[in-house]
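Thank you all for coming. Please have a look at the sequence and the model on the screen before I start.

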Amino acid sequence: MENFTLNSFLLQLEDLNLSEDALYPVFLCFLLFYLFIIIVNVGIILLIFTDRKLHQPMYLLFCNLSVNDIVGNSILVPRLLIDMLRPSSKRVISYYECVVQAFTVHTFATTSHTVLMTMAFDRYVAICNPLRYSVIMTNRMVVKLTVSAWGVAFVLVGILLGLTVRLNRCRTLIMNPYCDNASLFKLSCESVFINNVYGLTFTVVLFTASIGSMVLTYAKIIVVCLTSRNKSLNSKALKTCSTHLVLYLMMLISGFIVIILHRFPQFSFYRKLSAILFHIIPGSLNPVIYGVISVVSLSELKSDFVLRLLHLLLLFFTSLQNTLPSHL
């Protein structure tokens, strides 16, 4: 069959194939997760910037993770929630909006790696070279690490999407509830060999650099802790590094699950669900595991801040639950 060019600017999105009984509970679950992500991450950012005691490289770098979680989920989740309540015929998206969403989705995933790599470097300097920490981790260095984390993601993802938008399109169905690069280049009937090669290279380079830097960093930190008799240093290293490592492993495992399920079309529902949870779960747990445990525990405002935040969340969720129909 000959290839033909359609290049439609309206694309159809697939749904999650949820039953009517499951639709509203899943909708409510996603909505509550999204609101929690926004409220808690914004709260952590405000706390860090308003409390001078937290104007330290570790916490300023962590703000990048919170910003990434807010932006990444705000581009994806609200649109997803609206589409869940729409009939299939009205679940459409413009091509340009789809490209922007795909760019944000991949930037979110890439920046999650690069930001955690910069945070690992900060922990390495703090634990392995504490006497020179203030000399190395200056405000200028924090800015350089931040710009590098975002800049690398923008460049890599920009090339990834640039190779896709050059293709002519002969299909209009996005095989996903949201747009990503793979869904976009599958709309084309042209050869996508270059896209596959670059996508694979991109993934291998990112994961190799990410895993390699983590292994190297934590290997040196472990050596320092084992050879040091300073119990205070070891305790601090265990506390800060364990939270950082939990975040990284959580993000890494969820990312691998999405990549693996892409290779098995028969598990399309689990692939769609895991791809959404890749945004929602880390975005919900990052501020809890790292922010509330590490940031708030080191602030003199800790108990007051946490209690006020939890009280507001409880009041909000209670009022929201009271407005829902009783059959939910």
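This is a predicted model: local features need pLDDT of at least 70, side-chain atom pairs count only at pLDDT 80 or more; totals for chains, interfaces and linings use all residues.

Is Cys128 buried or partly exposed? Cys128 has a relative accessibility of 24%, and so it counts as partly exposed, where buried means under 20% relative accessible area, exposed means over 50%, and partly exposed lies in between, using a 1.4 Å probe and protein chains only. The sulfur of Cys128 is 7.6 Å from the closest cysteine sulfur, which belongs to Cys225, and that is too far for a bond.

Residues are numbered from 1 along each chain as its sequence is written, and side-chain values use heavy atoms, with hydrogens and water left out.

Now to the cysteines that are bonded. The structure holds two disulfides, a disulfide being a pair of cysteine sulfur atoms within 2.5 Å. One of them joins Cys98 to Cys179, with 1.9 Å from S to S. Cys98 lies in helix H3 and Cys179 in the loop between strand S3 (173-174) and H6, so this pair ties together parts that are 81 residues apart in sequence; helices (H or I, at least four residues) and strands (E, at least two) are DSSP runs, numbered from the N terminus. The link is left-handed, with -110° about the S-S bond of Cys98 and Cys179. Cys98 is buried at 0% relative accessibility, and Cys179 is buried with a relative accessible area of 0%.

The other disulfide joins Cys170 to Cys189, with 1.7 Å from S to S. Because the torsion about the S-S bond of Cys170 and Cys189 is about 85°, that disulfide is right-handed. Cys170 is buried, at 6%, whereas Cys189 counts as partly exposed, at 21%. If we number the bonded cysteines of the protein chain in sequence order, the pairing is 1-3, 2-4.

Let me turn to the helices. Helix H5 (residues 139-165) has 27 residues and reaches 38 Å from its first C-alpha to its last, close to the 39 Å expected at 1.5 Å a residue, where the expected span is 1.5 Å times one less than the number of residues. Among the buried residues of H5 are Leu145, Trp150 and Leu161, and what covers the buried residues of H5 includes H3 and helix H7 (193-227), with contact meaning heavy atoms within 4.5 Å.
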